[in-house]
Amino acid sequence: MPEPGDIVWCKFPYTRGKPGPVARPTLVRANAVYENPETGTLYGSVEVSYGTGEFTEEQEKIDLVIKNWDAVKRCGLHKPTRFSLDPANRKNLIWCEEFFVPSDYLRDAQVHIGRLGEAETAQMRERLIRRGLLAAES
């Protein structure tokens with residue numbers, strides 16, 4: 001199961017409980033393991049934020065945007081990408097093949113794309129503080 005800061009392919013749902021039409025990069029924000037009390041079966045849950053190649057100057061100020069080509073490659077992405085940090089654009093999904101699949105258009109793709117580096121993690125923290133979603137350290 002991926003860890004926070006990992007970037008994975010996901011059929012990000014537009015409607016509740018139904019996978020989206022195509023796999024897109026998503027940023028793992030949190031994960032958890034749960035147990036079904038009736039069966040004892042364990043299952044993973046992953047909270048993700050969607051990624052897109054479309055972004056405006058305004059969105060660059062409040063979302064995580066990876067556009068420097070060295071950073072794009074280091075994170076395993078194939079083009080500059082914006083990850084929405086808006087809480088309304090996060091989904092908590094069961095870690096399963098219904099949602100998490102490699103991209104159809106990349107040869108030999110895996111579900112795991114890459115991971116945020118220190119610079120991207122610092123940028124995300126700054127954007128979360130700017131949005132009022134994280135307290136600034138004194």
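A salt bridge here is a side-chain nitrogen of Lys or Arg within 4 Å of a carboxyl oxygen of Asp or Glu. This is a predicted model, where local features need pLDDT of at least 70, side-chain atom pairs count only at pLDDT 80 or more, and totals for chains, interfaces and linings use all residues. Residues are numbered from 1 along each chain as its sequence is written, and side-chain values use heavy atoms, with hydrogens and water left out.

By that rule we get nine salt bridges. One of them pairs Glu 47 with Arg 90 at 3.4 Å, N to O. That pair ties together distant parts of the chain, with Glu 47 in strand 3 (residues 42-52) and Arg 90 in strand 6 (residues 90-94), 43 residues apart. Helices (H or I, at least four residues) and strands (E, at least two) are DSSP runs, numbered from the N terminus.

Now look at helix 3 (residues 118-130). Glu 120, Gln 123, Met 124, Arg 127 and Leu 128 are buried there, meaning under 20% relative accessible area, with exposed over 50% and partly exposed in between (1.4 Å probe, protein chains only).

Glu 120 counts as buried because its relative accessibility is 5%. Its side chain meets that of Arg 74 in a salt bridge of 2.7 Å, N to O, which links helix 3 to helix 2 across 46 residues. Elsewhere, salt bridges with shared partners join Asp 63, Arg 82 and Arg 131 into one network.
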